Structure formats: structure tokens, C-alpha cells
Amino acid sequence: MNKVLSIDCDNILCDTARAFLEYYKLESWKEISYDAIHHPYLHKNKALSEIDLSREGYYQFFCRAHDTSSLQPMSWSQEWIRALKNSWYDLHVVTGRLDKQLDHTKHWLDMYFPDMFYDIHLWSDMTDQHISKWDLCKNIDAQLHIDDFIHYAQEIIVEDIPVLVLDCPRNNYQELKSSLITRVSDRSIITPDFVDSIIHTT
């Protein structure tokens with residue numbers, strides 16, 4: 001039986017934060033550095049106060065980003081995803097996006113990660129739906145989750161699912177409080193052997 005991995009999309013596969021900063025610059029005429037984004041929720045960053053970051057405003061950003069092809073893959077993401085796929089992992093995208101972003105998400109994944117993912121699961125804390133990210137990970141029997149948001153990592157490990165947290169300015173100041181969470185600063189080490197070692201030691 002193949003091993004199941006759940007993987008966040010934004011800032012794990014897709015360089016969403018940098019694309020958003022380009023969008024913000026066009027909308028506000030202000031340039032904000034990547035390192036200035038310290039909160040995982042973009043709408044809670046004080047530096048980003050000039051534009052609409054409501055549910056609809058965020059959706060408009062995604063529409064424009066997809067139309068202009070400004071959403072690019074994260075460094076090394078294509079390499080480690082391909083290596084995991086070739087090592088008989090079932091890879092699932094579990095990411096916080098609105099349901100109406102599904103077609104955009106599928107199109108982007110087909111462009112940069114063709115035939116790599118078994119399924120795509122969307123959820124959003126911007127809606128009233130009751131299913132959560134950790135529920136989705138549990139429902140697909142994920143043996144490991146990969147994310148950039150420590151808050152979600154701490155919720156997912158309640159289900160005894162280990163989590164890799166990929167380092168970025170929005171999380172590198174936060175303390176890891178569980179052996180089930182492993183911080184990764186060098187994405188090139190995400191190999192099948194490394195992933196296997198995390199799964200087998202938890």
C-alpha cells in the first residue's frame with residue numbers, strides 16, 4: 001500500500017507570498033519586503049493595511065495572479081514532489097482556499113506539477129464550513145503533513161500525524177513544542193529517505 005502525504009499549497013508548492021507582494025505593490029503603490037510579512041494570515045500583517053484583504057479581496061488577488069501567471073513554484077518544490085511521487089507516495093494537496101478557487105488551483109497544479117497529485121482538498125477558515133485542515137488529513141489517512149503554518153501543525157499532531165514545517169519569515173520565530181513537528185530550513189533535504197525517517201520514528 002502506498003504511503004499517503006498531505007501537502008499545503010501556498011508557500012509550500014506555490015510562492016504565494018511573493019506573488020501577493022507584487023499584487024500589493026500594484027494596488028497600493030507601496031513596496032513591502034518579503035521579510036516584513038511576519039504573520040501567516042496576510043490580513044493580520046500591519047504592513048499590509050492599504051488594500052482589501054477580506055474574503056472577496058483575497059479572491060480577486062488569486063484571480064489576477066492566475067491570469068498574469070505571477071504565481072510561481074517554490075524553489076525545489078518540483079524536485080522533491082517528483083522524487084516522492086516516483087517513490088510510490090500518494091500525494092494529496094490539503095490547502096486553505098475557497099471552493100471557487102478549485103479550478104484555478106487545479107489548473108496551476110496541472111501546469112507545474114502534472115500528474116503528481118492523487119487529489120486536491122480545499123477548506124477555508126474564511127467560510128462557515130465545519131471541516132478543518134486536520135480533519136481532512138485524518139480523513140485521507142495522511143501519514144505525514146507538510147505546511148508552513150505552525151498553528152495548523154500543532155492542531156494536526158493531535159491526530160498523531162507528524163508535520164514538517166518549512167522555514168520562512170512567518171514562522172521562524174515560533175517555538176516548536178512537540179517532537180511530532182520537524183522544522184526544515186533546506187528544502188532540498190526533503191527526499192523519500194528523509195520523509196520515511198520522519199514517518200518511521202513517530
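**Fold and contacts**

Mentor: Start with contacts in the protein chain between residues at least 6 apart in sequence: 65% join residues at least 24 apart. Contact means heavy atoms within 4.5 Å.

Trainee: What kind of model is it, and how are residues numbered?

Mentor: It is a predicted model: local features need pLDDT of at least 70, side-chain atom pairs count only at pLDDT 80 or more, and totals for chains, interfaces and linings use all residues. Numbering runs from 1 along each chain as its sequence is written, and side-chain values use heavy atoms, with hydrogens and water left out.

Trainee: How many helices and strands does the protein chain have?

Mentor: There are 7 helices and 6 strands. The order along the sequence is β-α-α-α-β-α-β-α-β-α-β-β-α. Both are DSSP runs, numbered from the N terminus: helices are H or I, at least four residues, and strands are E, at least two.

Trainee: What share of the protein chain is buried?

Mentor: Of its 202 residues, 51% count as buried. Buried is under 20% relative accessible area, exposed over 50%, partly exposed in between, with a 1.4 Å probe and protein chains only.

Trainee: Switching to the core. Which residues have the most contacts inside the largest one?

Mentor: Leu13, Trp80 and Phe117, in a nonpolar core of 41 residues. Helix H1 (residues 16-28) gives the most to this core, with 5 residues. Another core, of 18 residues, lies apart from it; Leu136 and Ile161 are among its members. Such a core is a set of buried Ala, Val, Leu, Ile, Met, Phe, Trp, Tyr and Cys residues joined through side-chain atoms within 4.5 Å.

Trainee: Where does phenylalanine 117 lie?

Mentor: In the loop between H4 and strand S3 (119-123). At 15% relative accessibility, phenylalanine 117 counts as buried. Leaving out residues up to four places away in sequence, phenylalanine 117 touches Ile7, Leu13, Ile81, Leu91, His92, Val93 and Leu109. The C-alpha atoms of phenylalanine 117 and aspartate 90 are separated by 7.1 Å, though the two are 27 residues apart along the chain.

Trainee: How many aromatic pairs are there?

Mentor: The count is 5. Rings of Phe, Tyr and Trp (its six-membered ring) pair if their centres lie within 6.5 Å; planes under 30 degrees apart count as stacked, over 60 as edge-to-face and the rest as tilted. Tryptophan 108 and tyrosine 112 form a tilted pair: 5.1 Å centre to centre, 50 degrees between the planes.

Trainee: Why are tryptophan 108 and tyrosine 112 separated by about one helical turn?

Mentor: Because they are 4 residues apart in helix H4 (residues 102-112). Tryptophan 108 is buried at 4% relative accessibility, and tyrosine 112 is buried at 17%. Phenylalanine 113 and phenylalanine 117 pair edge-to-face, at 6.0 Å centre to centre and 65 degrees between the planes. Ring pairs link Trp108, Tyr112, Phe113 and Phe117 into a cluster.

Trainee: Last topic, H3. Which residues of H3 are buried?

Mentor: In helix H3 (residues 77-86), Ser77, Trp80, Ile81 and Leu84. Seen down the axis, they fall within an arc of 100 degrees, so they line one face of the helix. The arc is that of the directions from the helix axis to the C-beta atoms.

Trainee: What do the buried residues of H3 pack against?

Mentor: Strands S1 (3-7), S2 (89-96), S4 (144-147) and S5 (163-166), plus helix H7 (192-200). Tryptophan 88 follows H3, with a positive phi near 65 degrees.
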